[in-house]
Amino acid sequence: MTKPEFTVIEGGLSASMNKRPKQFISAYVTDTRLMGVLAVHAHWHLPDGFEGTELHQFFYIDCEETGLETYKSLKNADTSEIEMVEQALIGGLGARKTDMTERQLKGLLTWYMEFNEKHNLPMPDNYSEYGFLLEPATVLSEDENHALMAQICGSITSDYQVINYFLMRSFGRDYTGSAYLADGDFPLDIYDSYRQATFCKNVIDKDSVYPDGAAAYLCESLIEMNGCYETVISRVVVKDLKVVGFSHCSGFAISTAEAAMMLAKPEFVTVYEVLLSDSDMDDNIGELTVALNTVMSVHENGRLFMAFRSSNSHVDNRIFRLSNDVKGIYFLTDYGQLIIAAYSLPGIHQLEKKLAASPLAPFLMPTAKYEFKEPVLFEFIQSDFEDFEDFLDVIRDE
């Protein structure tokens, strides 16, 4: 899951926002609770403003480590401004938006305010703009919490899906999330020693089936923590799409090279020359981000645009890879090259068609196409090379 990079848009909100009357218009939250993150948008009308004022509030929540971590706001924004912030906020989540009532909105934010307090985490900046949502605190009933949890977790439709989500939540030490997927009296915290661990890959194999319809699965998980990798074998028992048994079988450390082999997959790359000046490119970068439906991040030698899948269907597979939520990559170098990459032929063709339909299309000239046995574009991004062809010449020699 990729943390959003926000474009800051000045909204001109005053410190007296808490005191101004507000009319609730709408709110939504993403259905990505089981991926460990949530994005929230609230829309308000401020009736005492001159000719009325529209307020849009955006929150980003990390359910594992940092809690309620980001807040942004827009006042009297047009559609394009809202789309830019939304794209930065939810573009990498594979999310579906689900409507919330005002009470659900305040109850959810109150829950994560208490999460921050419990873990000694700071609240996001500009509390004076959103504090009215938290004062007084809105505490949802058990039934209300259960209904909201079902809403933000989405539908569970297969054993593979429940196992991958359950292990992801367990290694993330998110026991609220893992408890939602469990039914039975067994410990959920058997992997409590894993802190800030990343659930990189999981392979599921059926072990046995019980007379009551439950099925046991052996799961081989690749975990990264503090730059080190470990393979962990777990046994997970599922019945009626709920985890009813969970145990640790074995585990052992592996080298970075072994982890790279386990995560390796082909990469298809197309290189273009960009026939635009730097200033013209900068003027159109926001429009390009929206047109390509990507999330942008800035690197030392260029700008990276990540295109993510529209759903988290990659979780519903026997072999899960965290990186399979990425549909494709666009990297615009500071030296006039645009490099695109995908992990299949249909994928790279889809990116090429997307580019052909973008405002950038008349200013692109394709210069090369490649197929690699394992990804190389991120290596180039992290290298000191300015030209992709020069980079390839060196790694060919090596």
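The model is predicted, so local features need pLDDT of at least 70 and side-chain atom pairs count only at pLDDT 80 or more, while totals for chains, interfaces and linings use all residues. Residues are numbered from 1 along each chain as its sequence is written, and side-chain values use heavy atoms, with hydrogens and water left out.

**The sheet with β1 to β5**

Let us start with an open sheet of 5 strands in the order β4-β3-β2-β1-β5, paired antiparallel. Strands (E, at least two residues) and helices (H or I, at least four) are DSSP runs, numbered from the N terminus, and two strands pair if DSSP finds at least two bridges between them. The edges belong to β4 (67–75) and β5 (97–99); each has a single partner strand, so one side of each is left without a neighbour in the sheet. Neighbouring strands are turned by 20° against each other on average, direction ignored. Within this sheet, β1 (residues 23–30) and β2 (residues 37–46) are antiparallel and share 6 bridges. Phe24 has Trp44 in β2 as its bridge partner.

Helix α1 packs on this sheet, touching β1, β2, β3 (53–62), β4 and β5. Helix α2 also packs on the sheet, touching β1, β2, β3, β4 and β5. Contact here means heavy atoms within 4.5 Å.

**The sheet with β6 to β9 and β13**

Another open sheet has 5 strands, in the order β9-β8-β7-β6-β13, with antiparallel pairing. Here β9 (242–254) and β13 (319–321) stand at the edges with a single partner strand each, so one side of each lacks a neighbour in the sheet. From one strand to the next, the twist averages 20°. Strands β7 (residues 215–225) and β8 (residues 228–239) run antiparallel and are joined by 11 bridges. Glu224 stands opposite Tyr229 in β8. Lying across β6 (198–209), β7, β8, β9 and β13 is helix α5.

The table gives the helix directions; axes are lines fitted to C-alpha atoms, for helices over the stretch in contact, and angles run from 0 to 180 degrees between N-to-C directions.

| α1 | residues 79–90 | about 10° to β3 |

**A patch on the surface**

Finally, Leu275, Phe363 and Met365 form a nonpolar surface patch, together with about 250 Å² of accessible area. Met365 sits in strand β16 (residues 364–372).

Note on methods. Patches are made of residues with over 30% relative accessible area and no salt bridge: like charges are joined within 9 Å, nonpolar side chains (Val, Leu, Ile, Met, Phe, Trp, Tyr) within 5 Å. Accessible areas come from the Shrake-Rupley method with a 1.4 Å probe; for residues, only the protein chains shown count as cover. A salt bridge is a side-chain nitrogen of Lys or Arg within 4 Å of a carboxyl oxygen of Asp or Glu.
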